Amino acid sequence: MKFGKTFETHLTIEWRQQYMRYTDLKTMIRRGVDGAPTGEGGATDADISAYYIAFEEQFFTECMHELTRVNNFFLEKLAEARRKHATLKLQLLASARAPGHTFSSYSLQSSQRLPSMVSLRDNNSGSNRKLMTQRQLRNAYSEFYLTLVLLQNFQSLNETGFRKICKKYDKYLRSTSGNDWLEQNVNPAAFTDQRPLEKLIIDVEELYTYYLAGGDRSRAMTKLRVPPLGQPTPPRMVFRAGLALGMFIMLACTTIFSYIRRPPEEKNIEAFIRLYRGPFTWVIFNFFMAANVAGWQRAGVNHVLIFEIDPRSHLQPATFLEIACTFGLLWTLSILGFLFHDLINVQDPFVFPLALTLIMITLLINPLPIMNWPARWWTMRLVGRVVTAPLHYVRFADFWMGDQMNSLVTCMADHYYIVRFYAICWLRYANVIFCFDEDMFVPISRCLPAWFRFAQCLRRFRDSGSKSVSYLLNAGKYSTTFFVVFFSTMRGRTDVFCRWLCEYV
């Protein structure tokens, strides 16, 4: 993953807009180098020197503007964090000393460590304020700690960005001005000083440990600290994933042998393929997600930040593997039911694909906080943002999902066939072969993934400060899909008409 892409993502629009515009500065360097006069064009050495001096002044003026904006935003958020920390500290002390609140004796004893001035301020200003419960305080400190971690990420990402853009300037311009400007302006900046924020984080950890974790620091860090990307997978999770994978392989082999020995009726083969190929994408997608996350973790790519996932609830590769195998088990069991429906006294084999689709949809949209609800909600919200692409700022996860959909065009049409079959044809006709003939909505469904990416590219061009023509070129690339689908559809309709005309004549 290229570094510049990490600057285009964060949890809120407010934070996203305050990152340094690394991509725009990089584009500025390339345009400056490409537009430089040369001796072959008739420019003198004085003209060339004057051009580079003017470009250097313009570039570092823009860098100073970005530095000022980043530094001011950091100072504003740091001051806001200090105010919130003081408020939570007063609430914590007031709750610890208020009658009827259940805090541990260790917490009450540890409260004597704090200065008496804080106690006096708590008694004066916090007496009229509604006290927070212990559970509310835990949640508040957990969210506040996460905000501090995000502010740390803001520091490190912008510092790395300025260092890389200055290094890129020196590389392209064959100069040392970038390094000199970095040492004179970025290194003394307030947002590069890690000490105030680290002191605040340590203070939060100590308060949470003493007051809310009974002095148990390991317990406090389990609740507060954001788990690292490379943390080892719990053994029970690995066991569940391995067990599910073994069961899926066993049932997949059984399904293949069963299909060879007992294939569906000739009239149902096309329906069988159409109804089961679409749901299989849910299986293979999660298998590849498990491989992707494992590869990202091994390569040190911070996919949690890039995809804007909650740092405390992101899924491990073993979890994706378990989900893929669970869907695979349902898929293979449904196929076995379709193949052996007469042996289990089920007259209609098409009950099994319908049951499979409904179960998968229920597992995805079930609103109960079970079965990785944060991940399921993230997926549904991401798909919703892709579908409504022109209406939202396009983040990295949005166009990543759009690209995945472009790779599954055939399966997108299969999902339409499933809906049309059960809404119109099922239980109405004995012969269902014609139910899978192409109608006007099939080419539309094939155009939808390309439309999503086309709309995203136009929105990126609208929102980008550089107005880079590459966004328009990318949109033009995806628009060619519309012509491909249109002419292939017209050719298919023409072939059908010609065959009908030949038979009639």
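Predicted model: local features only at pLDDT ≥ 70, side-chain atom pairs only at ≥ 80, totals over all residues.
Biologist: Fine. Which residues is Asp398 in contact with, leaving aside neighbours within four places in sequence?

Modeller: Asp398 touches Leu382, Arg385, Val386, Tyr393 and Gln456.

Biologist: Is Asp398 buried or exposed?

Modeller: Buried. The relative accessible area of Asp398 is 2%, and the cut-off for buried is under 20%.

Biologist: Where does Asp398 lie?

Modeller: In helix 16, which covers residues 396-406.

Biologist: How do the axes of helix 15 and helix 16 cross?

Modeller: At roughly 80°, and they come within 9 Å. Helix 15 runs over residues 373-387. That angle makes helix 15 roughly perpendicular to helix 16.

Biologist: Which residues of helix 15 and helix 16 meet?

Modeller: Helix 15 brings Trp378, Leu382, Val383, Arg385 and Val386. Helix 16 answers with Ala397, Asp398, Met401, Gly402 and Met405. By type, this contact has seven nonpolar residues, one polar and two charged.

Biologist: Let's zoom out. How many helices and strands does the chain have?

Modeller: There are 19 helices and zero strands. The chain has 505 residues, and 45% of them are buried.

Biologist: What share of the contacts with a separation of 6 or more comes from residues 24 or more positions apart?

Modeller: 75% of them.

Biologist: New topic. Which residues touch the most other members in the largest nonpolar core?

Modeller: Phe59, Tyr141, Leu148, Phe162, Ile165, Trp181 and Phe191. That core holds 53 residues.

Biologist: Which helices each supply at least two residues of this core?

Modeller: Helix 2 (22-34), helix 3 (45-97), helix 6 (134-173), helix 7 (177-186), helix 8 (195-212) and helix 9 (217-224). Helix 6 gives the most, with 15 residues.

Biologist: Pick one of those residues. What does Tyr141 touch?

Modeller: Not counting residues up to four places away in sequence, Tyr141 touches Leu88, Lys89, Leu92, Val204, Leu207, Tyr208, Leu212 and Leu224.

Biologist: How many residues are in the second core?

Modeller: 32. This core is separate and includes Ala271, Tyr276, Phe352 and Met360.

Biologist: Back to helix 2 and helix 3. How do their axes cross?

Modeller: At roughly 175°, and the axes come within 11 Å. Angles over 145 degrees count as roughly antiparallel. So helix 2 and helix 3 are roughly antiparallel to each other.

Biologist: Which residues meet between helix 2 and helix 3?

Modeller: On the helix 2 side, Leu25, Met28, Ile29, Arg31 and Gly32. On the helix 3 side, Tyr51, Phe55, Gln58, Phe59, Glu62, Cys63 and Glu66. The contact divides into seven nonpolar, two polar and three charged residues. Phe59 has come up already, as a member of the largest nonpolar core.

Biologist: Where is Leu251 found?

Modeller: In helix 10, residues 235-261. Leu251 is buried, at 15% relative accessible area.

Biologist: What is Leu251 in contact with, leaving aside neighbours within four places in sequence?

Modeller: Leu329, Thr332, Leu333 and Leu336. Leu251 and Leu330 are 79 residues apart in sequence, but 9.9 Å apart in space, C-alpha to C-alpha.

Biologist: Last one. What is the phi of Met371?

Modeller: About 55°, which is positive although Met371 is not a glycine. Most residues other than glycine have a negative phi. Asn372 also has a positive phi, near 60°.

Biologist: Where do Met371 and Asn372 sit?

Modeller: Met371 is in the loop between helix 14 (351-365) and helix 15. Asn372 lies in the loop between helix 14 and helix 15 too. Met371 is partly exposed at 42% relative accessibility, and Asn372 is partly exposed at 32%.

Conventions. Residues numbered from 1 in each chain as written. Heavy atoms only, no water. Core = buried A, V, L, I, M, F, W, Y, C linked by side-chain atoms within 4.5 Å. Buried < 20%, exposed > 50% of the residue type's maximum accessible area, 1.4 Å probe, protein only. Helix = DSSP H or I, 4+ residues; strand = E, 2+ residues; numbered from the N terminus. Contact = heavy atoms within 4.5 Å. Axes fitted to C-alpha atoms, helices over the stretch in contact; angles between N-to-C directions. Parallel < 35°, antiparallel > 145°, perpendicular 65-115°, else oblique. Nonpolar A, V, L, I, M, F, W, Y, C, P; charged D, E, K, R; others polar.
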